[in-house]
Amino acid sequence: MLSGQAGRRPGWALVAGLIALACLFSSGSASAFSGPEVFEVNSTADEADAAPGSGGCLTAAGKCTLRAAIEESNENLGELDTIEFDENLFDGQPGSTIALATSLPKIVDRTTIEGHFCQTPAGARGPCVEVKGPGGGPAISVESELVTIEGIAVTDAKVGIDVLGASSEFVAARDWLGVALDGSAAPDETGIFLGPGAGESRIGSEGAEFGNVLGNSTAVALEIEGSRKVRVLGNYVGVGPDGSTPAPNGVGIRLVSTAEHRAEANSIGTRVGPTAAATPQCDGGCNVIAGSLGPGIEIAGKVFEGAAPVEPGEPTTMRANYVGLDATGSIPMPNGLAGIEVAEAPMVTIGGTREAEANRIAGGGAAVAGEGAANLTVRGNRIGTAAGVAGAGVSPGAGIAVDSQGLERRGQEAVIDANRIGGASGAAIVQEGPGALISHNLVTGGGVGIRTAEGVGLGFEERGNLIEGNTIEATGGDGILLQNNFNVLTGNAVSSAGGAGIHVEGSASNEVTENLIGGDDPGAENAISGSGGDAIAVTDVANSHTEIARNHGSGNGGLFIHLIALPGGKLPNKGIEPPGFTAATSTFAAGTAEPLSTVRVFRKASAAAGEVESFLGQAVVDGSGHWRVGYGELPPGTVVAATQTGFAGGTSQLAIAATPAAPPGAAPRVSPTPPQTFLLHGPRRRWHHRTARFRFASSESTATFQCRFDHRPFRSCHSPRAYRHLRPGRQVFEVRAVAADGEVDPTPARRRFTVLRRR
């Protein structure tokens with residue numbers, strides 16, 4: 001251990017070094033190294049080695065400097081050397097600083113630089129050594145695999161640690177970047193830079209006090225360019241060593257792909273263990289990413305910037321981080337622009353299915369994704385006041401905002417699932433463009449709960465969003481605001497919205513059409529209660545079509561369904577009128593409406609305009625404009641309501657009727673018309689297949705069906721009905737509806753067709 005002896009007895013070391021140097025010259029090419037070396041730095045000077053490759057770490061002044069130690073280690077190729085520091089000289093105090101005139105030599109062989117851990121003037125345990133400058137270049141450069149740098153503060157450099165070339169499995173732990181030993185700001189332009197060759201590296205650690213402090217960078221604290229499988233764990237980014245003092249960076253963490261290299265399969269944070277998950281502090285591999293002037297985390301660019309689209313690779317994950325919060329989780333320290341910003345990078349997952357994977361995000365737009373962020377998943381995060389942080393409401397803008405307009409094909413749409421979002425003064429969730437799944441989120445307070453914005457997809461404009469199973473409470477504006485097309489809303493619970501519970505809002509320049517609110521089974525019903533305005537409002541041009549199926553709710557301040565014309569225009573949904581009632585009894589309702597439209601009948605608990613209690617039944621209107629819906633017996637005087645949905649899909653407001661008290665001994669009324677049967681789908685007249693399938697419906701919701709084929713006897717059947725192994729030749733299919741009281745449709749629906757012989 002020649003260098004260690006040199007660090008402690010410089011006079012002897014100088015003699016030994018000269019002897020070793022003489023031996024080297026006398027032996028020609030013989031190496032002075034015999035295996036891994038340990039070099040002990042015993043000087044704060046910035047001087048070169050007197051004789052690189054001699055096996056000793058000695059400057060002309062007889063000292064071992066950091067520069068000289070790196071030079072010697074670079075000569076000992078193929079061995080894992082260690083560079084340590086004299087603990088008597090490097091003790092974390094102000095005199096423990098090495099001021100660089102120029103960048104240190106590139107580390108080109110496997111090396112560990114161990115600065116140890118000391119009590120610092122900053123009041124926290126931290127590095128024992130500070131490397132200062134140079135402002136015009138990198139302080140420490142790495143171009144080798146298996147390099148570890150621990151316990152070093154790197155300040156006032158253009159790049160603190162520059163990791164380039166074939167430098168996989170690099171490790172930085174317990175380092176301070178841009179923060180001096182006394183805790184003061186000493187900005188680097190970039191704290192740590194990992195180039196394309198730095199795959200499978202680790203920045204920080206899951207262990208206590210093994211994370212890095214990356215603060216005060218004027219550009220980026222940590223930049224990962226084109227690297228794969230980098231793990232970022234347990235770091236303080238944008239805060240000081242105490243986890244709470246602001247140390248703002250330009251950008252906290254940036255990941256970017258290049259034309260040749262994907263930045264993929266990287267992980268920021270991890271699923272924390274049970275102990276860490278049970279504490280309010282950010283620990284167990286959680287990163288604090290706070291106070292950036294720009295985004296806290298930025299994922300920039302496509303997989304291959306400027307190249308043709310390719311299949312996405314492995315996902316980049318962000319789990320269990322505190323974004324916009326200090327390390328205690330109690331002090332908001334918002335990032336500018338966004339907490340997490342995803343540009344067009346594919347396969348990004350923010351959060352996870354387990355509580356131990358949830359990111360806690362406060363301030364700024366929590367998660368913002370730009371056009372073309374394919375296969376994005378934002379799941380299970382706590383955002384704003386839903387994170388349990390007093391005063392940590394999201395600033396104006398969205399909690400989660402996704403722009404899907406640039407997606408290049410189906411199957412790339414975003415998933416926004418099971419997030420808890422509170423206090424978003426803009427909208428908790430904004431989805432622009434086609435196709436997202438927005439499900440099982442909890443939204444409380446703030447402005448609008450969920451908003452879908454106008455956008456144009458590429459080749460699949462008719463791909464809307466599925467918004468299901470969300471709970472939205474006490475928003476200042478609308479609970480759900482639809483401003484684009486083809487959305488399906490099912491199973492959502494919207495309560496105490498300041499505006500409408502659900503609002504479909506078009507304009508003269510933006511027709512909003514083909515949205516479906518509710519469905520045809522109990523699980524698809526939206527529950528809408530306590531809205532300050534209408535339960536469901538449709539404000540749009542006349543030619544729009546919004547279908548409103550089964551929904552329920554009470555205590556809404558306006559109508560349960562309200563069609564609102566634009567200024568100077570006509571009512572939306574082509575001005576469709578509510579159906580007419582000709583009968584409303586305790587067991588059925590009947591009336592008139594447009595032929596082939598669908599009438600849905602509901603029970604009301606009261607005559608209040610903003611209330612619908614439950615669904616009773618539905619029917620298709622027959623060709624003469626009559627409908628009948630049977631249901632279980634209702635108490636006398638029960639209020640019922642009905643909507644009409646036209647063949648093109650637009651739904652009317654509610655028509656209201658009440659069941660009269662039945663006279664003693666009076667026989668129940670029967671249907672004014674027999675049930676009607678409608679054939680919805682069947683084979684064409686000339687059929688090339690040996691299987692034929694039929695779908696059918698009735699004007700009476702409780703009707704059953706009887707089918708027959710080729711004039712055989714009628715038998716009970718259900719829709720759909722398939723017939724297989726058909727023989728070539730002429731065929732005829734008939735189906736008729738049978739009402740609950742046994743009345744049979746006298747005019748069955750019929751389809752004649754010919755099965756052609758196969759060639």
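Strands are DSSP runs of E with at least two residues, helices are runs of H or I with at least four residues, and both are numbered from the N terminus. You are looking at a predicted model, where local features need pLDDT of at least 70, side-chain atom pairs count only at pLDDT 80 or more, and totals for chains, interfaces and linings use all residues. Residues are numbered from 1 along each chain as its sequence is written, and side-chain values use heavy atoms, with hydrogens and water left out.

**Stop 1: two prolines**

Select P720, in the loop between β62 (715-717) and β63 (721-723). The peptide bond that leads from S719 into P720 is cis, with omega near 0°. Now jump to P134, which sits in the loop between β7 (129-132) and β8 (138-142). Here the bond from G133 to P134 is cis, again with omega near 0°.

**Stop 2: two positive phi values**

Most residues other than glycine have a negative phi, and most peptide bonds are trans. With that in mind, pick E200, in the loop between β14 (190-194) and β15 (202-204). Its phi is positive, about 60°, although E200 is not a glycine. Is E200 buried or exposed? E200 is exposed, with a relative accessible area of 54%; exposed means over 50%, buried under 20%, and partly exposed in between, using a 1.4 Å probe and protein chains only. Next, find M347 in the loop between β26 (338-342) and β27 (348-351). M347 is another residue other than glycine with a positive phi, near 55°.

**Stop 3: helix α3**

Select residues 66-75 to show helix α3. Because 9 of its 10 residues are buried, α3 is largely enclosed by the rest of the structure. The buried ones include L66, I70 and N74. Which strands do they pack against? Colour β1 (38-41), β2 (81-85), β3 (97-99), β4 (111-114) and β7 to see these partners of the buried residues, where contact means heavy atoms within 4.5 Å.

**Stop 4: a four-stranded sheet**

Finally, show the open sheet of 4 strands, with the order β54-β53-β56-β57 and antiparallel pairing. Strands β54 (614-620) and β57 (655-658) are at the edges with a single partner strand each, so one side of each has no neighbour in the sheet. From one strand to the next, the twist averages 25°; the angles run from 0 to 180 degrees between N-to-C directions of axes, which are lines fitted to C-alpha atoms (for helices over the stretch in contact).

Zoom in on β53 (residues 598-604) and β56 (residues 639-645), which run antiparallel and are joined by 7 bridges; two strands pair if DSSP finds at least two bridges between them. End at T598, which stands opposite T645 in β56.
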